[in-house]
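Trainee: Could you take me on a close look at a single part of this model, the place where the two chains meet? I would like one connected account that I can follow with the structure open.

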Amino acid sequence: MKITKVETLRASRFTWVKVHTDEGLHGIGEAHPASGTSGWPKAVYGGIEYCADYVVGKNPLEVEKHWQHMFRRQLFRGGSDIMSAMSAIDQALWDIAGKAAGLSVSRMLGGPVRDRVKVYVHINGETPEALADDARRRADEGYKALRFYPLASLRQGMPDSYQGIVRTAVAFTKAVREAAGPDIDIMIDVVNRLSPPEAIAIGRALEEFGLYFFEDPIEPDNIEAMADVARAMPVPVATGERMYTLYQFRELLARKGAAYIRPDPALAGGISQIKKIAGLAEADYVGVVPHNPLSPVSTAVCAQLCAAIHNVPVQEYTGTEHEPQKRDLVNDVLEVEDGFLKIPDRPGIGIDLNIEAFKHHPPVPYERPIAYHPDGSLREY
Amino acid sequence: MWVKVHTDEGISGIGDLHGGSGGVGDPAAVRAGVEMCGDYLVGKDPLQVENHWQHMFRMCLFRGGADLMAAIGSVDMALWDIAGKAAGLPVHRLLGGPVRDRVKVYGHLVGDSPEAMAENALSMKEKGFKALRFYPLGPFSEGVPDSYTGIVRRVVSFVEAVREAVGPDLDLMIDVVCRLTPPEAIAVGRAIEPYGLFFFEDPIEPDNIDVMAMVAERQPVPIATGERLYTIYQFRELLNKKAAAYIRPDPSVSGGITNLKKMAAQAEAQYVGIVPHNPCTPVMTAANLQICGAVHNVPVLEYTANEHRSPKCDVVNRLPEFRDGFLMVPKGPGLGIELDEKALKRFPPERHSRAPVMAGDGSLRDY
């Protein structure tokens, strides 16, 4: 079997690759916007072209070999954009390999260890009351874990003072805990917007609410600082959605910077590398919680990983997959039942794109809100 | 020893079984471990390999040691064999391979004197071997020289003889099977620097990883170790402490293909090579070749180089193909090898005996 073409497909805010072969089989994979998370992910498109130059003409079934070539051939290591492109192609190659074998990807990798996985769903609200309402709605739907941004409005920036930030996080967290009751897992994500002192103060103030994790408390670049924060406050830290190599995760784990790691199958090297990262985390008693903010294709890939990996405690789920801008774009979406995502046992990654519908959902750029300091200077995107 | 796992659909799988603590005498504890794993497994779907691995590892509450892990590893190999056969694919293809269709092997040399070892090295070179490993302390069952400097002189004499015999371009490695003290190992490593050894295996006892790291730091030859380690937690510590340039997990003792794949990833993140331990039968060689077919960071594989001799060649349906210093990765479904069970009757089990290594005063050094 030979790869004949790698197509870049775009619709709504998503980017996928479709890898074609000379035997009629094809595979799909999703690319993370990476450096294009604000604006157009042009560098990812370029990365896909660059990786396609290598894989076209190759046997798609030699997945690990191609991963190593794509990772190493640029001499100067690629960043998140090349890794995103590689990840999408890796997913597509596993999809082809599974279809060629008549097996789900999880079955190729020794699974399934589970046929469903608990999900945490995103809840939204710009006031404590609104967020509590959304928490109640999701709890009523059967969700057993809820994740929220505890600093009011993601788009309107942050409270202006150190104490104001702590008070806001406490108010939102208290409202969600009271709405959800004591037995639903709740977790917060501040998307890397806090300084270490702010993150530590929040983590200590929130101890009484029994948060499952505190995600991305500070900027992602300095692992030593992340480990300092993890040591200085009691809430377990989840981080890693912006990391994309085995080496970064090795350091994060060796320094005890996280209780949960969050590799993204569309960014952190696809199925091939996330299996390796999971092995590292298993040896440190750390859970893998795959990052999953994209389309239902990403969800399907995460589901295969969850079925093949022992140390997955919970899976991210946006709770928006039945909305037209997601549902229309695929042949099927995975269903959530009673708070668990059901993992399909179909060949490959178990999902395909519905390209017919793309014309109704033209590509749109990402718009990432910007957080400013009160003096107008930049805090973080 | 092997395990054979039978299924209701006629497919069976096999795995090579290391002797574990029965490296001396009767591996009764390993056989009991297989029974325990069998009690758990019978009635289950063999294709859920990772799931069963986790159950077998965790069901004993108090973690099993080398014996139970050898059993788990062997059963794991057999389950992968079944999974590959059920899919019609060699195991390395299930795991995203091949990354290579052959792997360089290092052959075992034997020789009780430097001259005999050099002669054996030359004949192995003529057979095409590109890497050779030897025990550099004289007759294996006679212990080690009685003085500190005697040990160093002995090793230098063997290493020098082999290097001179084979020339500069063959990779050479030594293995002292954990028999030296840290000061002896450090002195030996420093003394043999001029001979450019590929690795120095198991310089000291295996239990203390801090001291292994100290030996690695204080002498210049890259350390290979890990054949007596069997969990990802042990290898995590070995790697984090930078105690090895090459790790040597055994597909049976170290928890099978499932666990070795994880160890390979741990090693990859540290730029460490995985050199699977391979001292048993051609079934283990076949399992190792599947791992070599799927794992990026395998620089070389161990090969006893006696597989074409009885009894090893008589108990399997085919031998992995040796070609010009490389072993070819089998392409058939599963592990790509079967036992010839009729032939097994001709080779009744015999006890493995390992001589103790005594110090000059008659006290025990190690086995």
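Mentor: Happy to. Let us begin with the term we need: two residues are in contact when heavy atoms of theirs lie within 4.5 Å. Please keep in mind that this is a predicted model. By that rule, 31 residues of chain B are in contact with 32 residues of chain A. Put together, chain B and chain A bury about 2800 Å² between them, and 56% of that area is on carbon and sulfur atoms.

Now for the polar side of the interface. There are 3 salt bridges between chain B and chain A. One you can look up pairs the side chains of B:R236 and A:D284, with 3.2 Å from N to O. Polar contacts across the interface of chain B and chain A come to 14 residue pairs, with both residues at pLDDT 80 or more.

Which elements of chain B supply at least two residues each to the side that touches chain A? They are α2 (49-58), α3 (66-87), α4 (91-94), α9 (232-240) and α10 (256-268). The largest share, 5 residues, comes from α2(B). Sorted by type, the residues on this side of chain B divide into 15 nonpolar, 9 polar and 7 charged.

Chain B has 12 helices and 14 strands. Its radius of gyration is 20 Å, close to the 21 Å that the globule rule gives for 367 residues, so chain B is as compact as a globular protein of that length. Its C-alpha trace spans about 60 × 45 × 45 Å along the principal axes, and 59% of its residues count as buried. Among contacts in chain B with a separation of 6 or more, 70% are between residues 24 or more positions apart.

While you have chain B on screen, turn to the loop between α10 and β9 (273-274), where B:Y271 sits. Recall that most residues other than glycine have a negative phi. B:Y271 has a positive phi of about 55 degrees although it is not a glycine. B:Y271 is exposed, because its relative accessible area is 67% and the cut-off for exposed is over 50%.

B:Q219 counts as buried, because its relative accessibility is 4%, and buried means under 20%. Leaving out residues up to four places away in sequence, B:Q219 touches B:A185, B:I186, B:G189, B:R190 and B:F200. B:A185 is 34 residues from B:Q219 in sequence, yet their C-alpha atoms are 8.2 Å apart in space. The side chain of B:Q219 also reaches the backbone oxygen of B:V221, at 2.9 Å.

Finally, two peptide bonds to find in your viewer. A cis bond joins B:S310 and B:P311, with omega about 5 degrees, and B:P311 is in the loop between β10 (301-303) and β11 (322-323) of chain B. In chain A, a cis bond joins A:G111 and A:P112, with omega about 0 degrees. A:P112 is in the loop between α4 (105-108) and β4 (116-122) of chain A.

Notes
Residues are numbered from 1 along each chain as its sequence is written. Chains are lettered from A and ligands numbered from 1 in the order in which they are written. Side-chain values use heavy atoms; hydrogens and water are left out. Buried area is the accessible area (1.4 Å probe) that two parts lose on being put together, summed over both. A salt bridge is a side-chain nitrogen of Lys or Arg within 4 Å of a carboxyl oxygen of Asp or Glu. A polar contact is a pair of N or O atoms within 3.5 Å; within protein, one must be able to donate a hydrogen and the other to accept it, and residues adjacent in sequence count only if both atoms are side-chain atoms. Helices (H or I, at least four residues) and strands (E, at least two) are DSSP runs, numbered from the N terminus. Ala, Val, Leu, Ile, Met, Phe, Trp, Tyr, Cys and Pro count as nonpolar, Asp, Glu, Lys and Arg as charged, and the others, Gly among them, as polar. Buried means under 20% relative accessible area, exposed over 50%, partly exposed in between (1.4 Å probe, protein chains only). The radius of gyration is taken over C-alpha atoms; the globule rule is 2.2 Å times the number of residues to the power 0.38.
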